[in-house]
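The exercises below concern the structure shown next. Work each task from the coordinates before reading its solution.

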Amino acid sequence: MTTRPLDRFAAPLTLVLCMVWGFNQVVAKAALAEIGPIGQTGVRSAIGVVCVVLYAALTKRRIFRVDGSEAAGLFAGVLFTAEFIALYESLRWTTASRATVFIYAAPFFVALGALLVLKAERLRPIQWLGLALAFIGVAVGLARPTPGGGWLGDALALLAAALWGATTVLIKATPLRRVDPEKVLLYQIGAAAIVAPFAMLVLGEPAPSRLSPATIGLILWQGVVVVGLSYATWFWLLTRYPAPQLAAFTFITPLVGVFAGWLVFGEAVSPGFALAILFVVSGVALVNWPRSRAACRGARRDPG
């Protein structure tokens, strides 16, 4: 489908999605009191599976045919499951603000992985600058802890970012790059829904015995709104608008996450961490900076 520049409809809608994603770590942290990180990963993913299957059925997507992407899809699912277990576990040991900022350092790992695996994806000078800023921001953030933060939680959030980056590179480097995005998402959340109960058993995470209505609402928000509606909306936007322009909005998400942590939990932002946020957000924005139209046309013609 032919794409067109962002308009007055797409830009605000993308901002709304970034706000939803920015609040997600706060929602997950609030639910940890009654359901553990592995349980949350499994339940939200199972709800998301139902939403994605319904969406695919309504839009007549052929996501269940065998197309040679099964092995890569299984690997992506394992990485996705590990990513969210690490991210949600990090929220036990650090603030939602710090976890959000560190998880959105993922483009740094994507760019590094692309250098090693995706030889055709050469970084532009502005992206190198973005990587440098993101690296400095992460280093400053780790060196200057804030109240409620801890090195273990920060490290787990960074591990989640690395796993997110590895998943992105895997998708770009395997047959998954030619598969409908809905199917790629289904591989990931489907694997998480299946693997999570076994992971709970092996790692000794207790199954939730009773969930309050508030926690049930938080889990439904993650499964229906975040995994289901927001991802489906994102895929719809990708079919109609240029992906680089949409990706450039992602720098907003960590800012929303920091604001959400302050608003809900009263998490403080020290001057040192504020500097780290500035570097990371600037780095993410530059790494995802859209190419010029001429460059994009050249990239589409490039057989690599």
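**Exercise 1: a proline in a loop**

Leaving out neighbours within four places in sequence, Pro-175 is in contact (heavy atoms within 4.5 Å) with Gly-68 and Ser-69. The model is predicted: local features need pLDDT of at least 70, side-chain atom pairs count only at pLDDT 80 or more, and totals for chains, interfaces and linings use all residues. Residues are numbered from 1 along each chain as its sequence is written, and side-chain values use heavy atoms, with hydrogens and water left out.

Task: Place Pro-175 in the chain and state how far its C-alpha atom is from that of Ala-71.

Solution. 
1. Pro-175 is found in the loop between α8 and α9; helices are DSSP runs of H or I with at least four residues, strands are runs of E with at least two, and both are numbered from the N terminus.
2. Pro-175 and Ala-71 are 104 residues apart along the chain, and their C-alpha atoms are separated by 9.5 Å.
3. With 31% relative accessibility, Pro-175 counts as partly exposed. The classes are buried under 20% relative accessible area, exposed over 50% and partly exposed in between (1.4 Å probe, protein chains only).

**Exercise 2: salt bridges**

Task: Find how many salt bridges the whole structure holds, then describe the pairs formed by Arg-61, Asp-67 and Arg-98.

Solution. 
1. Apply the criterion: a side-chain nitrogen of Lys or Arg within 4 Å of a carboxyl oxygen of Asp or Glu. The search returns 4 salt bridges.
2. Arg-61 pairs with Glu-182, with the closest N and O atoms 3.7 Å apart. This pair links distant parts of the chain, 121 residues apart: Arg-61 is in the loop between α3 (37-58) and α4 (70-90), and Glu-182 is in helix α9. Arg-61 is partly exposed because its relative accessibility is 31%, while Glu-182, at 3%, counts as buried.
3. Asp-67 and Lys-183 meet at 3.0 Å, N to O. Here too distant parts are linked, with Asp-67 in the loop between α3 and α4 and Lys-183 in helix α9, 116 residues apart. Asp-67 counts as partly exposed at 36% relative accessibility; Lys-183 is buried, with a relative accessible area of 5%.
4. Arg-98 bridges to Asp-154, the closest N and O atoms being 2.7 Å apart. Arg-98 lies in helix α5 (residues 96-103) and Asp-154 in helix α8 (residues 151-173), so the pair ties together parts that are 56 residues apart in sequence. Both residues, Arg-98 and Asp-154, are buried.

**Exercise 3: a covered helix**

Task: How many residues of helix α2 (residues 24-31) are buried, and what covers them?

Solution. 
1. Of the 8 residues in α2, 6 are buried: Asn-24, Gln-25, Val-26, Val-27, Ala-28 and Ala-31.
2. Their cover includes α1 (10-22), α3, α4, α5, α10 and α12 (252-265).
3. For the whole chain, buried residues make up 51% of the 304 residues, and the chain has 14 helices and 0 strands.
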